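Take the two chains in turn, then the contact between them.

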Amino acid sequence: MSFLDKFSTVHLDVLKEVGNIGAGHAATSLSTLLNKKIDMRVPKVSVVSFDEMMDMAGGPENIVASVFLRIEGDAPGSMFFVLSIEQANTFIKQMINDVHFSFENPPYHELAMSALQELGNILSGSYLSSLSDFTNLDLYPSVPALSIDMVGAIISFGLIELSQVSDYAIVIDTALDDDDTHSSESVKGHFFLLPDPDSFETIFKALGVAEDE
Amino acid sequence: MNDTVQIVKVGIADMNIVTTPNLIRTSGLGSCVGVVVYDQAKELAGLAHVMLPDSSLAKSGIMNIAKYADTAVKELVSRMIELGARSYSLKAKIAGGAQMFQFTSSNDMMRIGPRNVEAVKRELAMLKITLVAEDVGGSSGRTIEFDPKTCLLNIRTVNKGIRDL
């Protein structure tokens, strides 16, 4: 497990706070965008094997809509905003005001793809800029890329950097819910933040936590 | 003898071997490559879910040999020979190596799919294993399943349906 051995519960708590702040801002943006109340769950920080990571997002064959972006700058990493197909449908219906729209059958609607990509862009942008303010690190998002495909195929792409060092990933996972969770129009999304192995030290240092605490 | 068909699942950066009547499957191949090596007469097939092209990319720690194209293919073949496969009759089918996201980034890691495919092919050629069929590249995730009896590789994608190789 090499680089993961250095982490204590203090470190995981710091990462939880990182997820909390980032996703908190993203939830606010989402709420403004949809004009709806959005709830955020307490972030989970877990050390998981690659297979377990797929299970967190519903299993490797589960089909999702995902916006992926690379974080560049002081603390590089990968970020995913993952939505189930139904959730993506709900979002897009609200965004483009077309109740008949659906992501079930390709080829997908161009406007809808663009709207979804923009949604991911706004949310991850606000996540990242709050993170950048909080840590005083320079973090730049790459242009986000959208893919509607199997979880395994999508997430494994974000694990490539990490996989050169470890067989485990530290995942900062935050789920968003909208207020009326019982209705079928409920909106749920997951943020996965996967810092590159070398970035942990940078993040901890920026927040004043010694690596070997 | 247990005649119920079992589907052996291979996780990410993992490998396994099956014999008839069982099937072997790996799910959600993106930039990763699924390598099937089989001996048709012996009805024996191995599958490796390769994640990275070259074990020299490993930076530290214990190495997982199933993760890298160069080590995984070698290990899979030697395990199969231990189980009775004959090296001259081994054949291979591969799938995966997609480019899931289009980036303009200069980072070489973004081309990981094609690099995985090249590495697997190079390794198969070195071991003199015939590559019978391939379904690589593109931008779709794949789930593959291999039947050592029929030697058909079933490939499922989200956008392009199902086909057999």
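In this predicted model, chain B holds an open sheet of five strands in the order 1-3-8-9-10, with mixed pairing. Strands here are DSSP runs of E with at least two residues; helices are runs of H or I with at least four; both are numbered from the N terminus. Two strands pair if DSSP finds at least two bridges between them. Strands of a sheet pair through backbone hydrogen bonds, either parallel or antiparallel. The edges are strand 1 (7-10) and strand 10 (161-164) of chain B, and each pairs on one side only. From one strand to the next the twist averages 20°. Axes behind such angles are lines fitted to C-alpha atoms, for helices over the stretch in contact, and angles run from 0 to 180 degrees between N-to-C directions.

Within this sheet, strand 3 (residues 23-29) and strand 8 (residues 142-147) of chain B run antiparallel, joined by four bridges. Arg25(B) stands opposite Glu145(B) of strand 8.

Residues are numbered from 1 along each chain as its sequence is written, and chains are lettered from A and ligands numbered from 1 in the order in which they are written. Local features need pLDDT of at least 70 and side-chain atom pairs count only at pLDDT 80 or more, while totals for chains, interfaces and linings use all residues; side-chain values use heavy atoms, with hydrogens and water left out.

Chain B has another open sheet of five strands, ordered 2-5-4-6-7, again with mixed pairing. Strand 2 (15-19) and strand 7 (130-136) of chain B stand at its edges with a single partner strand each, so one side of each has no neighbour in the sheet. The twist averages 15° from one strand to the next. Strand 2 runs antiparallel to strand 5 (residues 44-50) of chain B, and five bridges join them. Asn16(B) stands opposite Leu47(B) in strand 5.

Two helices pack on this sheet. Helix 1 (residues 69-82) of chain B touches strand 2, strand 4 (33-39) and strand 5 of chain B, where contact means heavy atoms within 4.5 Å. The direction of helix 1 makes about 165° with that of strand 5 of chain B. Helix 2 (residues 112-126) of chain B touches strand 4, strand 5, strand 6 (91-96) and strand 7 of chain B. Its direction makes about 175° with that of strand 6 of chain B.

The loops of chain B hold two backbone details. A cis peptide bond joins Thr20(B) and Pro21(B), with omega about 5°. Pro21(B) sits in the loop between strand 2 and strand 3 of chain B. Glu43(B) is not a glycine, yet has a positive phi of about 55°. Glu43(B) lies in the loop between strand 4 and strand 5 of chain B.

Now the interface. How many residues does each chain bring to the contact? Chain A gives 34 residues and chain B gives 37 residues. Together the chains bury about 2800 Å², 62% of it on carbon and sulfur atoms. Buried area is the accessible area (1.4 Å probe) that two parts lose on being put together, summed over both. In chain A, Glu61(A), Phe157(A) and Gln164(A) lose the most area to chain B, together 24% of what that side buries.

Three salt bridges cross the interface of chain A and chain B; the rule asks for a side-chain nitrogen of Lys or Arg within 4 Å of a carboxyl oxygen of Asp or Glu. Asp167(A) meets Lys67(B) in a salt bridge at 2.7 Å, N to O. Arg25(B) lies in strand 3 of chain B and Glu61(A) in the loop between helix 2 and strand 3 of chain A, so the pair joins two chains.

Ser46(A) lies in strand 2 (residues 44-49) of chain A. The C-alpha atoms of Ser46(A) and Val171(A) are separated by 5.5 Å, though the residues are 125 residues apart along the chain. Leaving aside neighbours within four places in sequence, Ser46(A) is in contact with Met56(A), Ala169(A), Ile170(A) and Val171(A).
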